[in-house]
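Subject: Structure handover

Hello,

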Amino acid sequence: MQRFDFAKVCADVRKSKGRAMFTVPPILLLIAKSPLVKDHFSTWDDALSGAAPMGQDLQIEAGRKLGNGATLVRQCWGLSETVRIPPARVYSMGNLFPFC
């Protein structure tokens, strides 16, 4: 894909039956608000957003369109590309580790 094409992303996700994605809040905003999204992301069982904070309202709204409404949208930011992210509670940043 030479440039971002949301319709193509939706078609590719539906075709490949993807189950998880690490993405950023603007993409989840597109998923949440776009009338184009129907059941394209119904196979997702994990969604992790990084790079920037995301509000609780967007987490809930995006979660309704992922995994038939059963997917918890988690978030992290701050060098998230370099570490394994532990499961976080809904609308939280995760756990604080004593060695960090």
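In helix α3, which spans residues 56-65, the buried residues are L58, Q59, A62 and G63. Why do they sit on the same side of α3? Because they cover an arc of only 130 degrees around the axis. The general rule behind such a pattern is simple: an α-helix has 3.6 residues a turn, so residues three or four places apart point the same way.

The face turned away from the buried side of α3 carries D57 and R64, both exposed. What do the buried residues of α3 pack against? Their partners are α2 (25-33) and β3 (73-75). Just after the helix ends, G67 takes a positive phi of about 55 degrees.

Bear in mind throughout that this is a predicted model.

**The chain as a whole**

The chain has 3 helices and 3 strands. Along the sequence they follow the pattern α-β-α-β-α-β. The chain has 100 residues, and 36% of them count as buried.

Now the contacts. Take those in the chain with a separation of 6 or more: residues 24 or more positions apart account for 69% of them. As for surface, the chain exposes about 6600 Å². Carbon and sulfur atoms supply 58% of that area.

**The sheet**

The 3 strands form an open sheet in the order β1-β2-β3, and the pairing is parallel. Which strands are at the edges? They are β1 (20-23) and β3, each of which pairs on one side only. On average, neighbouring strands of this sheet are turned by 20 degrees against each other, direction ignored.

Look next at β1 and β2. Strand β2 covers residues 46-49, runs parallel to β1 and is joined to it by 4 bridges. A20 stands opposite D46 in β2.

T23 is also worth a look. This residue is found in strand β1. Is T23 buried or exposed? T23 is buried, because its relative accessible area is 8% and the cut-off for buried is under 20%. Setting aside neighbours within four places in sequence, T23 is in contact with L28, L48, S49 and G50.

**Aromatic pairs**

A pair of aromatic rings is described by the distance of the centres and the angle of the planes. With ring centres required to lie within 6.5 Å, the count comes to 2 aromatic pairs.

One of them is F4 with F6. Their ring centres are 6.3 Å apart and their planes stand at 35 degrees, so the pair is tilted. The label follows from the cut-offs: planes under 30 degrees apart count as stacked, over 60 as edge-to-face and the rest as tilted. F4 is partly exposed, with a relative accessible area of 44%. F6 counts as buried, at 11% relative accessibility.

F41 and W44 also pair. Here the ring centres are 4.9 Å apart and the planes are at 75 degrees, so this pair is edge-to-face. How buried are the two residues? F41 is buried, with a relative accessible area of 1%. W44 is buried too, with a relative accessible area of 4%.

**To recap**

Helix α3 has L58, Q59, A62 and G63 buried, with D57 and R64 exposed on the face turned away. The sheet is open and parallel, ordered β1-β2-β3. Of the aromatic pairs, F4 and F6 are tilted, whereas F41 and W44 are edge-to-face.

Best wishes

Definitions and conventions:
Residues numbered from 1 in each chain as written. Predicted model: local features only at pLDDT ≥ 70, side-chain atom pairs only at ≥ 80, totals over all residues. Heavy atoms only, no water. Buried < 20%, exposed > 50% of the residue type's maximum accessible area, 1.4 Å probe, protein only. Helix = DSSP H or I, 4+ residues; strand = E, 2+ residues; numbered from the N terminus. Arc of directions from axis to C-beta. Contact = heavy atoms within 4.5 Å. Areas by Shrake-Rupley, 256 points an atom, 1.4 Å probe, with all protein chains shown as cover. Phe/Tyr/Trp six-rings, centres within 6.5 Å; stacked < 30°, edge-to-face > 60°. Pairing = 2+ DSSP bridges. Axes fitted to C-alpha atoms, helices over the stretch in contact; angles between N-to-C directions.
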